[in-house]
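Work through the exercises below with the sequence and coordinates open. Each task is followed by a solution in steps.

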Amino acid sequence: MPHSRSPVPDFLYGTAWKEDRTPALTELALRMGFRGIDTANQRRHYFEEGVGQGLAAAYRTGLVTRDDLFLQTKFTYRSGQDHRLPYDPAASLSVQVAQSMASSLDHLATSYVDSYVLHGPSSNHDWTDADNEVWEAMQKERDAGRARFLGVSNVSLPHLQQMATARADLPAFVQNRCYARLGWDRAVRLFCRERNIIYQGFSLLTANQEVLRHPLIARLAASANATPAQIVFSFARTVGILPLTGTSDREHMQQDLASRDLTLPLDAIHTIESLAG
Ligand SMILES: NC(=O)c1ccc[n+]([C@@H]2O[C@H](COP(=O)([O-])OP(=O)(O)OC[C@H]3O[C@@H](n4cnc5c(N)ncnc54)[C@H](OP(=O)(O)O)[C@@H]3O)[C@@H](O)[C@H]2O)c1
């Protein structure tokens with residue numbers, strides 16, 4: 001069984017698209033106070049081995065220990081990968097999951113991850129037999145102690161409903177791109193809330209430029225002496241979204257974490273929730 005009982009953090013630092021800067025930015029994020037790290041064994045968008053190098057640097061200086069951290073990585077289907085695969089593409093999906101997990105543990109120099117996420121279902125429309133096979137293989141990884149919790153990403157409400165019909169074992173986490181124009185993924189968030197699934201939101205800033213520029217957000221930011229980005233992160237947390245940030249900027253890291261101390265008026269929360277959709 002895993003030894004760590006580190007709680008789920010209230011902010012996740014995302015390591016996508018950082019390439020050679022991944023080790024230094026991972027270490028910096030830990031230095032600034034992040035304790036949750038999101039990555040994927042998908043070399044096309046993430047440098048998981050570089051995340052491991054950043055963690056190793058932080059361990060060496062005594063900044064954190066493994067037990068202080070919440071490490072999340074993902075299994076990515078062949079269709080989401082480039083030529084740098086963490087598994088044998090000719091192997092069965094179950095074997096690919098086991099190989100990808102072994103490779104992730106090697107990259108991160110750990111015996112377990114806190115969360116193991118299916119990066120995206122095999123079809124945009126349905127939860128398929130392939131997804132069932134992968135999900136069962138992920139459950140085996142969890143039951144063997146190599147993952148504390150499981151998650152799914154890039155899912156629609158029908159995916160989750162079909163998953164619920166097909167499998168009793170629902171994910172602990174859903175990680176989705178969160179569009180304000182879809183009520184901040186209202187339908188999926190509601191499904192999650194009703195089943196005690198933690199909803200992780202990404203692209204909260206990049207997908208919602210119209211919200212960042214909205215006069216209400218500007219007013220709230222001015223009166224709280226905060227930035228529009230901080231208002232969005234504070235709003236997200238208040239409505240039950242566990243936010244991700246992928247900033248590469250030291251000051252933004254600080255501001256993002258400081259948004260945890262903001263309290264927004266309840267009426268503003270309701271207004272922001274339906275500001276764009
Ligand atoms: N499951 C999936 O399929 C999936 C897909 C996409 C992302 N993710 C995960 O989510 C993480 C975050 O991705 P994201 O799309 O939300 O963010 P992101 O792509 O890293 O983008 C954040 C952007 O907003 C800018 N920014 C400006 N002010 C900021 C502030 N105060 N705080 C933060 N950013 C600020 C950043 O610039 P500066 O760098 O200059 O701050 C950056 O360009 C990724 O690293 C990855 O781990 C998962």
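**Exercise 1. Charges over rings**

Task: In this predicted model, find the distance at which R181 lies from the ring centre of Y179, then treat R195 and F191 likewise.

Solution. Step 1: take R181, which lies over the face of Y179 at 4.4 Å from the ring centre. Step 2: turn to R195, whose charged end sits over the ring of F191, 3.7 Å from its centre. Step 3: compare with the cut-off, which asks for CZ of Arg within 6 Å of the ring centre; the 4.4 Å of R181 and the 3.7 Å of R195 can be read against it.

**Exercise 2. Aromatic pairs**

Task: Classify the pair F75 and Y77 and the pair W127 and W135 by the angle between the planes.

Solution. Step 1: the structure holds nine aromatic pairs. Step 2: F75 and Y77 form one of them, with 5.8 Å centre to centre and 70 degrees between the planes. Step 3: for W127 and W135 the values are 6.4 Å and 80 degrees. Step 4: planes over 60 degrees apart count as edge-to-face, and this is the class of F75 with Y77 and of W127 with W135.

Task: Are W127 and W135 buried or exposed?

Solution. Step 1: buried means under 20% relative accessible area. Step 2: W127 has 8% and is therefore buried. Step 3: W135 has 1%, so W135 is buried. F75 and Y77 are buried as well.

Task: Which aromatic cluster contains F11?

Solution. F11 forms one cluster with Y13, F34 and F233.

**Exercise 3. Nonpolar cores**

Task: Which residues touch the most other members of the largest nonpolar core?

Solution. Step 1: this core has 67 residues, and Y116, V152, V174, W184 and I272 touch the most other members. Step 2: leaving out residues up to four places away in sequence, I272 touches W184, L216, I217, L220, I231, F235 and L264. Step 3: another core of six residues lies apart from the largest one, and its members include L12, F70, F202 and L244.

Methods: Residues numbered from 1 in each chain as written. Predicted model: local features only at pLDDT ≥ 70, side-chain atom pairs only at ≥ 80, totals over all residues. Heavy atoms only, no water. Phe/Tyr/Trp six-rings, centres within 6.5 Å; stacked < 30°, edge-to-face > 60°. Buried < 20%, exposed > 50% of the residue type's maximum accessible area, 1.4 Å probe, protein only. Lys NZ or Arg CZ within 6 Å of the ring centre and 35° of its normal. Core = buried A, V, L, I, M, F, W, Y, C linked by side-chain atoms within 4.5 Å. Contact = heavy atoms within 4.5 Å.
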